[in-house]
Amino acid sequence: MKTLGYYNGKISELEEMQVPMLDRACYFGDGIYDTALACNHKVFAIDVHLDRFFDNAKLLDFNMPITKEEMKTLLLDLVNKVDDPDLFVYWQASRGTALRSHIYPEDMIANIWVMIWPKKLQDKEKTLRLVSKEDTRKRHNHIKTINLLPAVQYATNAYRSGYDESVLYRNNKVSEGSSSNISILKDGIFYTAPCDENILPGIIRKYLLQACHYHKIPVVEEAFSLEDLKNADEIIISSSTRLCLRAHELDEKPAGGKDIETFKKLQDYIFDKFYEACK
Ligand code: PDD
């Protein structure tokens, strides 16, 4: 297959897939998702992604029709049905199917969706242009819900103006990117916002912390300001689809580029883990 769509057991090329209008994802965005890259038909960090996915299902009181182990077997099986070995792998659960009502019955069973299509990891030498925007998203940004309208708007506006990512801030504290975590290096110290309800606890952020530990780079998990971001030695953007890249520009001014050596150590650690896992 060139692409793959899966819905509650039905499998087809993505363009041919249809989902029921009464799936609560369609009219309430009542769902959760996760996404990872596959290389050589292997999904990077699949166990950590599935831990987060099932934690999110629990936080939102979903009745999952499948266990974590079964979901892993399903995803690995689906990835092998697609011809291309390098893939974008997306999966979501919606609360269930019923006539629209804000109140959901206790016995509602979740629907499982999967979408897979070819995608190669981008060149790790690429550096990014950033723009800062006030973070007007909802609270509870730590849950990976499919209610992404504000994130979609930030990302599209940034793209149309030639930026690679929007950096979101609230009360002058940087929270995260529209679809990434943002960390900085300053005087050899790695700063990243703490895992509270303002940010998504990113899988690659977790790997960055591991990389700091491995290289004995001190870590401060505290929210930093826009001013700190401007004056950072490096600005690091991390996500499962980009892994880990640095920025060269923020709000039309040069940024970062002052501690490439330390950045490279962190980046290489993550890319090495990625390619190791895909052997
Ligand atoms: N998004 N913060 C937000 C708001 C995100 O949407 C993402 C990832 C991250 C980074 O998390 P992770 O390292 O687990 O990918 C942080 C994915 C890539 C997406 O929505 O496509």
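Which backbone atom lies 3.4 Å from a nitrogen atom of the ligand? In this predicted model, that atom is a backbone N or O atom of Ser 180. The protein covers 90% of the 480 Å² of accessible area that the ligand has on its own.

**Ligand surroundings**

- The ligand is surrounded by 19 residues, and the closest of these are Tyr 33, Arg 52, Glu 176, Ile 203 and Ser 240.
- The side chain of Tyr 33 places an N or O atom 2.5 Å from an oxygen atom of the ligand, while Arg 52 has a polar side-chain atom that lies 2.8 Å from an oxygen atom of the ligand.

**The hairpin of β8 and β9**

- Strand β8, which spans residues 165-170, runs antiparallel to β9, and the two are joined by three bridges.
- Arg 170 stands opposite Lys 173, a residue of β9, and two residues lie between the strands of this hairpin, where Asn 171 takes a positive phi near 50°.
- Strand β9, made up of residues 173-177, is mostly covered, in that four of its five residues are buried.

**Ala 98 in its loop**

- Ala 98 belongs to the loop that runs between β5 (87-94) and β6 (111-118), and Ala 98 counts as partly exposed because its relative accessibility is 23%, a value that falls between the 20% limit for buried and the 50% limit for exposed.
- When its neighbours within four places in sequence are left aside, Ala 98 is in contact with Leu 22, Tyr 27 and Met 108.
- Although Ala 98 and Asp 23 are separated by 75 residues in sequence, their C-alpha atoms are 6.7 Å apart in space.

**Cysteines**

- How many disulfides does the structure hold? The structure holds zero disulfides.
- For Cys 212, the closest cysteine sulfur is that of Cys 244, and because the two sulfurs are 9.7 Å apart, they are too far from each other for a bond; a disulfide would require the sulfur atoms to be within 2.5 Å.

Key
Residues numbered from 1 in each chain as written. Predicted model: local features only at pLDDT ≥ 70, side-chain atom pairs only at ≥ 80, totals over all residues. Heavy atoms only, no water. Buried < 20%, exposed > 50% of the residue type's maximum accessible area, 1.4 Å probe, protein only. Contact = heavy atoms within 4.5 Å. Pairing = 2+ DSSP bridges. Near = heavy atom within 4 Å. Polar contact = N/O pair within 3.5 Å; in protein donor to acceptor, adjacent residues only side chain to side chain. Areas by Shrake-Rupley, 256 points an atom, 1.4 Å probe, with all protein chains shown as cover.
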